[in-house]
Amino acid sequence: MKMHWYYGTPMGWGGFAMMALTTVLFWGGLVALVVVLLRRHPQAPQIGSATRILEERLARGEIDTDEFERVRRTLDSR
């Protein structure tokens with residue numbers, strides 16, 4: 001009588017390895033999809049970069065503090 005590692009099922013080591021590989025690929029693909037979707041989120045980078053540009057314009061003296069506050073409030077309300 002042939003002894004199988006997996007309690008008598010014909011799956012054996014090859015089937016176990018394929019099942020483990022498939023599981024790793026599935027979860028890895030799911031994590032990669034979430035990362036790609038989060039990086040493509042349109043609103044988060046625009047707000048940060050708009051505020052950064054506004055701060056740079058204030059530092060260069062292109063706008064005064066009143067205009068800076070007005071535009072920043074407008075950006076925060078979106």
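Biologist: Accessible areas come from the Shrake-Rupley method with a 1.4 Å probe, and for residues only the protein chains shown count as cover. With that settled, how much accessible surface does the chain have?

Modeller: Happy to start there. This is a predicted model, where local features need pLDDT of at least 70 and side-chain atom pairs count only at pLDDT 80 or more, while totals for chains, interfaces and linings use all residues. Residues are numbered from 1 along each chain as its sequence is written, and side-chain values use heavy atoms, leaving out hydrogens and water. Carbon and sulfur atoms account for 65% of the accessible surface, which comes to about 6900 Å².

Biologist: What share of the residues is buried?

Modeller: Buried means under 20% relative accessible area, exposed over 50%, and partly exposed in between (1.4 Å probe, protein chains only). The chain has 78 residues, and the buried share of them is 6%.

Biologist: Which pattern do the secondary structure elements follow along the sequence?

Modeller: Helices (H or I, at least four residues) and strands (E, at least two) are DSSP runs, numbered from the N terminus. The chain has three helices and zero strands. Read along the sequence, the pattern is α-α-α.

Biologist: Which element has the lowest mean pLDDT?

Modeller: pLDDT is the predictor's confidence in each residue, from 0 to 100. For the chain its mean is 82, with 76% of the residues at 70 or more. Among the elements, α1 has the highest mean at 91, and the lowest, 77, belongs to α2.

Biologist: How many salt bridges does the whole structure hold?

Modeller: A salt bridge needs a side-chain nitrogen of Lys or Arg within 4 Å of a carboxyl oxygen of Asp or Glu. One of them joins E67 and R70, at 3.8 Å from N to O. These two lie three residues apart in helix α3 (residues 65-77), about one turn of the helix. For the whole structure, the search finds six.

Biologist: Why can E56 and R52 be described as about one helical turn apart, and what is the N to O distance of their salt bridge?

Modeller: Both residues belong to helix α2 (residues 43-60), and because they are four residues apart there, about one helical turn separates them. E56 is partly exposed at 34% relative accessible area, and R52 is partly exposed too, at 43%. Their side chains meet with an N to O distance of 3.2 Å.

Biologist: Which residues are joined into one salt-bridge network?

Modeller: Here the bridges share partners, and the residues linked in this way are R57, R60 and E62.

Biologist: How is the aromatic pair arranged?

Modeller: Rings of Phe, Tyr and Trp (its six-membered ring) pair if their centres lie within 6.5 Å; planes under 30 degrees apart count as stacked, over 60 as edge-to-face and the rest as tilted. The whole structure has one aromatic pair. The rings of F26 and W27 have centres 5.1 Å apart and planes at 75 degrees, so the arrangement is edge-to-face.

Biologist: What is the area of the nonpolar patch that includes L33?

Modeller: Patches take residues with over 30% relative accessible area and no salt bridge, joining like charges within 9 Å and nonpolar side chains (Val, Leu, Ile, Met, Phe, Trp, Tyr) within 5 Å. L33 sits in helix α1 (residues 12-39) and is partly exposed at 48%. With F26, W27, L30 and L37, L33 makes a nonpolar surface patch of about 540 Å².
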